[in-house]
Amino acid sequence: MRRAIVLLSLAACHHHRDTNAPGISDIEVPPADRTAAHVDPEDPGENMLAVIPGVLAAGGIRKDSPHALGEFGPEVSIVRGSSPRSHSEDGFFIYPMTGIGGALGWSALRVNGGDADLGPLYAEIYRVDEGVAAGGGWSWNPADGDHGPQLFVTSLGFYLRGRYLFDDGGEITAGLQIKVPVVWVWSR
Amino acid sequence: MSVLDRVRASPLLHPLPLLAGALLLVNDHLLKPAAWPNAAVAGKLSDLCGLFVFPVLMTAISRRRWATGWVLATGVLFALLKLSPGFNRAVGMLWGGNALDATDLACLPVLALSWLYLQRGHAPAGALRRAAATSFIAVACAATPAPRYQRDFPFWEITANATPVLGCAETAAWVVKSGKTGLGLTVRLHATGGACKVDLTAASLRLANGTLVRGVPDKRHLDLARCQIEHVYLPFRFDSEAAWNLGVRSGTIRIDLATGGVAQTWSMPASHVLRAYQTTRNTAPPPTPPLSVCAPDTPVKEMAK
């Protein structure tokens with residue numbers, strides 16, 4: 001099972017578009033070697049649009065008793081971003097290093113004091129910088145109508161989330177997210 | 001049973017798999033990128049080491065009695081990797097690129113050595129040594145080679161009439177620079193027909209959508225001695241990125257010049273070409289057009305003879 005999860009986490013795919021494809025070259029300046037056949041353009045970096053579905057699993061604590069909390073659920077996010085250097089096909093992951101995004105998720109299964117319940121839906125917006133994403137949003141539980149704000153930070157597949165539901169109170173969860181990005185890549 | 005329990009008498013704790021793992025790391029990260037001693041040997045060395053060590057690693061973290069199964073599975077997966085384009089692509093997405101090369105199957109017999117090695121007994125060892133050996137070999141197997149690809153970019157190319165003889169000068173032209181802001185042309189002039197005076201009077205690039213771009217050569221007047229070669233740089237500055245995005249990817253370069261006092265017009269079709277989004281690193285650039293042999297002026301003494 002663990003190996004399946006590792007493989008799933010690596011199963012990224014991406015698609016190239018040729019928009020803005022020419023590289024950077026100082027046309028006005030003659031080549032240093034006047035007999036050169038070819039001067040390679042410089043890399044302008046890449047733009048990306050990533051659609052990233054995945055699952056999140058976390059444990060944490062909540063203000064009200066029983067305090068221990070576990071949750072598991074799906075999430076899909078969309079990130080529009082860029083990378084200063086173009087990716088290499090050898091790489092495991094293609095993911096915008098800088099960008100902004102939004103996510104829709106559902107803390108579908110919440111285990112709290114031996115009870116398993118459906119958790120809240122949530123929507124978030126966030127910013128990615130150097131591979132670290134941070135943002136916030138709003139959660140709403142259709143089962144009981146409880147709702148409230150939430151904040152999160154994530155990097156390298158790990159995340160930390162704080163949520164405040166107006167009826168249930170505050171909670172903090174930390175866990176792992178396994179996502180399979182589908183990325184459209186084009187030149188900057 | 002935990003993974004550490006399974007490797008209590010680990011087959012990894014022996015100089016053979018440790019050496020194979022070390023060779024795999026060195027080869028993938030140092031020798032392959034440098035193609036040393038050459039690309040074929042470096043590629044085969046990785047295959048040999050990987051084929052030997054992978055069944056040993058899998059046996060170490062699973063069960064000893066599965067050793068034969070792991071050897072067979074490694075052989076089947078390796079053969080698929082080297083023969084099936086679809087499987088090769090799928091593995092490439094997960095694990096990094098791997099050459100689709102049927103000649104690599106010549107490395108398969110090393111699996112017999114791996115199987116023989118797994119049949120021998122293995123001395124028990126401490127938990128720390130077992131964990132260190134397992135981690136090292138796992139990293140060696142999982143680590144992908146150094147990047148073998150890099151971004152490729154569209155480049156303008158002369159598609160015809162790149163090497164005409166114009167009067168006393170043998171000429172050649174090629175696009176030496178190409179980017180978002182235009183292209184730079186190198187014009188080579190070779191006075192094969194004796195001393196030759198060349199005047200570049202005008203240059204233009206007409207794109208397929210009718211846009212006209214003027215080029216300004218960095219040298220306009222050249223007095224070439226017999227067999228002398230000169231290179232003139234001729235930049236055409238325009239929004240090549242916008243043209244690319246609009247699908248305007250061809251044009252005609254026209255150079256008006258006079259060689260030996262005779263006016264000439266040199267027209268060359270050009271295309272903006274992207275071969276692939278990525279290309280192999282360190283690909284050799286295309287060669288410049290070959291030069292004709294040019295015999296220098298015969299010395300007076302030789303003439304007298």
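Select B:Val175 first. Leaving out residues up to four places away in sequence, B:Val175 touches B:Phe155, B:Trp156, B:Glu157, B:Ile158, B:Leu183 and B:Leu185 (contact: C-beta atoms, placed from the backbone, within 7 Å). This is a predicted model: local features need pLDDT of at least 70, side-chain atom pairs count only at pLDDT 80 or more, and totals for chains, interfaces and linings use all residues. Residues are numbered from 1 along each chain as its sequence is written, with chains lettered from A in the order written.

Now widen the selection. B:Val175 belongs to the largest nonpolar core, of 37 residues; B:Ala169, B:Val175, B:Leu185 and B:Val198 have the most contacts inside it. A core here is a set of buried Ala, Val, Leu, Ile, Met, Phe, Trp, Tyr and Cys residues joined through C-beta atoms within 7 Å. Buried means 20 or more other C-beta atoms within 10 Å of a residue's own; exposed means 12 or fewer. Elements giving two or more residues include β4 (169-179), β5 (182-190) and α8 (240-246) of chain B. Helices (H or I, at least four residues) and strands (E, at least two) are DSSP runs, numbered from the N terminus.

Next, pick B:Ala20, B:Phe52, B:Phe54 and B:Val56. They sit in a second, separate core of 24 residues.

Move to helix α6 of chain B, residues 110-119. B:Ser114, B:Tyr117 and B:Leu118 are buried.

Finish at the contact between the chains: 30 residues from chain A, 38 from chain B. On chain A, α1 (2-10) and β1 (13-16) each supply at least two of the touching residues.

Technical notes. Two residues are in contact if their C-beta atoms, placed from the backbone, lie within 7 Å.
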